[in-house]
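Student: I would like to go through this model term by term and hear what stands behind each one.
Tutor: Then ask as we go.

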Amino acid sequence: MDDEAVIAPIPAGGSNPPALAKAPSDTSPGRRRRLAGAGTVIRRRALVAVPVLAATSVGMFALGAASPIDPAQQYAGAAAFTTSEENLAQIRANWGVDDPLPVQYARWVGNLLRGDLGWSTSRHEPVTSVLAARAGWTLLLVAAALALVLVTSLLLGTLAAYRRGGWFDRGLRATAYAVQSMPVFWIGLAAIAVFALSLGWLPAGGLTDVTATGTDAADVARHLILPVTVLAISQAPWFVLFIRDAVADSLRDDHVLAARARGLPGRTVLFGHALRTALLPFLTLVGTHLPELVGGAVLVETVFSLPGLGAITVQAALGADFPLLAATTLATTVVVLAANLATDLAYTAADPRVRLDD
């Protein structure tokens with residue numbers, strides 16, 4: 001009753017119509033409890049995020065220390081064969097790569113707290129500049145692919161559950177199992193071969209046309225059709241099969257059978273009752289599969305030559321650019337942790353009976 005208006009009684013002998021009491025304000029006890037629970041969830045997830053980020057960064061530094069690649073020679077490139085050892089030693093001293101690993105890590109954390117992520121040896125520019133110029137395109141790719149996956153999986157999975165055992169259900173499951181076995185880069189190359197090279201409908205890669213002098217929204221959208229679709233297709237089988245099974249189980253629940261017995265339309269029973277019950281575990285699936293979506297974005301950006309974090313991550317790994325590689329890995333970890341937090345909050349908002357702060 002916290003969120004419902006209460007009808008005031010009619011005064012005795014009065015002629016005025018009944019008045020509606022004011023709905024509870026944002027400070028009602030129920031709302032305060034929900035806000036307090038959300039705050040507790042945020043604080044606890046933040047406490048978990050700190051050791052996760054610390055362990056991730058320490059692991060990256062440990063891998064960098066174990067690498068046999070000399071960063072000074074890697075930075076010098078072909079000139080390393082003619083550069084004197086004194087010059088290479090000076091480069092190492094300037095970067096502090098010969099210092100003990102704890103000293104390097106403490107210096108990196110101190111610079112990180114000041115907003116300095118170091119110098120990219122493969123891009124020859126500050127790491128912060130590299131991330132600022134490319135992170136937005138990766139977020140756009142991931143967000144568009146995730147939206148496409150959610151819409152199509154909810155629709156197709158629900159229809160397959162409603163027609164369980166029919167030709168549509170069998171065909172959808174067979175297609176999902178087949179796509180599940182295909183690597184995302186293979187799907188991307190096949191899409192380029194068919195829709196870009198054979199049919200010529202869409203561009204094969206890049207963010208704009210070669211002759212473009214600026215970044216036009218329509219041109220960018222046209223170039224993103226294939227990458228977004230390929231990334232969505234590579235992730236769709238998990239979501240489609242999950243929704244299909246969850247909705248099929250919900251159709252056998254008592255409240256759904258009761259809705260059918262009352263003579264409600266099939267569309268109302270399917271989307272208003274069965275699908276709503278299946279959405280709660282679906283939110284958890286979205287959060288747990290986000291790392292795989294981000295990993296797939298790295299390969300998709302590489303295949304389609306998109307200027308996102310994926311391409312520079314591969315470049316940093318091949319070029320032993322540990323400052324850039326550590327920064328991209330840490331940024332990806334932050335995105336995944338933030339997505340898991342958003343999933344928890346969405347779960348509690350969808351079902352107030354669930355308390356994640358217990």
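**Terms and values**

Tutor: Val 220 lies in helix 8 (residues 217–250). Helices (H or I, at least four residues) and strands (E, at least two) are DSSP runs, numbered from the N terminus. This is a predicted model, in which local features need pLDDT of at least 70 and side-chain atom pairs count only at pLDDT 80 or more, while totals for chains, interfaces and linings use all residues. Residues are numbered from 1 along each chain as its sequence is written, and side-chain values use heavy atoms, with hydrogens and water left out.

Student: Why does Val 220 count as buried?
Tutor: Buried means under 20% relative accessible area, exposed over 50%, and partly exposed in between (1.4 Å probe, protein chains only). Val 220 has 7% relative accessibility, so it counts as buried.

Student: Which residues is Val 220 in contact with, leaving aside its neighbours within four places in sequence?
Tutor: They are Trp 137, Leu 207, Thr 208 and Thr 215. Contact means heavy atoms within 4.5 Å.

Student: What makes the rings of Trp 167 and Phe 168 an edge-to-face pair?
Tutor: The structure holds three aromatic pairs. In the pair of Trp 167 and Phe 168, the ring centres are 6.1 Å apart and the planes stand at 90°, so the pair is edge-to-face. The rule is that rings of Phe, Tyr and Trp (its six-membered ring) pair if their centres lie within 6.5 Å; planes under 30 degrees apart count as stacked, over 60 as edge-to-face and the rest as tilted.

Student: Are Trp 167 and Phe 168 buried, partly exposed or exposed?
Tutor: Trp 167, at 70% relative accessibility, counts as exposed, and Phe 168, at 26%, counts as partly exposed.

Student: How do you know that Asp 169 and Arg 173 meet in a salt bridge?
Tutor: A salt bridge is a side-chain nitrogen of Lys or Arg within 4 Å of a carboxyl oxygen of Asp or Glu. For Asp 169 and Arg 173 the N to O distance is 3.5 Å. Both residues lie in helix 6 (residues 167–180), four residues apart, about one turn of the helix.

Student: What other salt bridge does Asp 169 form?
Tutor: Asp 169 also forms one with Arg 244, where the closest N and O atoms are 2.8 Å apart. Asp 169 lies in helix 6 and Arg 244 in helix 8, so this pair ties together parts that are 75 residues apart in sequence. Arg 244 also forms a salt bridge with Asp 245, at 3.0 Å between the closest N and O atoms.

Student: Why are Asp 169 and Arg 244 called buried?
Tutor: The relative accessible area is 0% for Asp 169 and 12% for Arg 244, so each is called buried. Asp 245 has 38%, so it is partly exposed.

Student: What makes a set of residues a nonpolar core?
Tutor: The set consists of buried Ala, Val, Leu, Ile, Met, Phe, Trp, Tyr and Cys residues joined through side-chain atoms within 4.5 Å. Of the 36 residues in the largest nonpolar core, Leu 141, Val 230, Leu 231, Val 300 and Phe 304 touch the most other members. The largest share of this core, eleven residues, comes from helix 8.
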